[in-house]
Amino acid sequence: MTLMRYEPWSLLNQLSREIERLHESGDRDEPAITADWSPAVDIREESDGYVLHADLPGVDPKDIEVHMENGVLTIRGERKRESEEEREGYKRVERVRGSFFRRFALPDTADSDNISARCQNGVLEVRIPKQAKVQPRRITVEG
């Protein structure tokens, strides 16, 4: 039988180390990005590229920003508040409102110059084509 040492604070210490690591690696000039909600996203690889679908019902396409920088695709925006319904002192709000934010690291094969996005029926579709494959070539050695 193997004896295991019980360390009651190990998980807390590990969490503390992770938080310190995040603070050390973060860019202090960039403000922290917070979001009120996060849209559900499906990503599919096709032969000629990648297709990303994000569920954004009730979000106006003009309130959606899609950015590509340093191999990272960023989707952010906001679902604005509508008039809330209130009757006889009861109020019910189930749908999340406010800002949203998602980031995705793209593979090296992605063609970042030809990314396209469109929003239809509350679904954002981002198409990320793959780069044309570079064919290997033989290099002659002079002697």
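The dialogue below asks how some labels in this predicted model were assigned.

Modeller: The model is predicted, so local features need pLDDT of at least 70 and side-chain atom pairs count only at pLDDT 80 or more, while totals for chains, interfaces and linings use all residues. Residues are numbered from 1 along each chain as its sequence is written, and side-chain values use heavy atoms, with hydrogens and water left out.

Biologist: Why is the pair of W37 and F100 called tilted?

Modeller: Rings of Phe, Tyr and Trp (its six-membered ring) pair if their centres lie within 6.5 Å; planes under 30 degrees apart count as stacked, over 60 as edge-to-face and the rest as tilted. A search of the whole structure finds one aromatic pair. The ring centres of W37 and F100 are 5.0 Å apart and the planes stand at 55°, so the pair is tilted.

Biologist: Which parts of the chain does this pair link?

Modeller: W37 is in the loop between α1 (10-25) and β1 (41-45), and F100 is in strand β7, 63 residues apart. Helices (H or I, at least four residues) and strands (E, at least two) are DSSP runs, numbered from the N terminus. Both W37 and F100 are buried, a term for under 20% relative accessible area, with exposed over 50% and partly exposed in between (1.4 Å probe, protein chains only).

Biologist: What lies over the face of W37?

Modeller: R79 does, at 4.2 Å from the ring centre. A charge sits over a ring if NZ of Lys or CZ of Arg is within 6 Å of the ring centre and within 35 degrees of the ring normal. The charged end of K130 likewise sits over the ring of Y50, 5.3 Å from its centre.

Biologist: What makes β3 and β7 edge strands?

Modeller: Two strands pair if DSSP finds at least two bridges between them. The open sheet has the order β3-β4-β7, with antiparallel pairing. β3 (64-69) and β7 (98-105) each have a single partner strand, so one side of each is left without a neighbour in the sheet. Strand β4 (residues 72-79) pairs with β7 over eight bridges, and V72 stands opposite A105 in β7.

Biologist: Why does Q131 count as partly exposed?

Modeller: Its relative accessibility is 45%, so Q131 counts as partly exposed. Q131 is found in the segment after β9 (123-129).

Biologist: Which residues is Q131 in contact with, leaving aside its neighbours within four places in sequence?

Modeller: With contact taken as heavy atoms within 4.5 Å, they are D108, T109, A110 and D111. Q131 and D111 are 20 residues apart in sequence and 4.9 Å apart in space, C-alpha to C-alpha.
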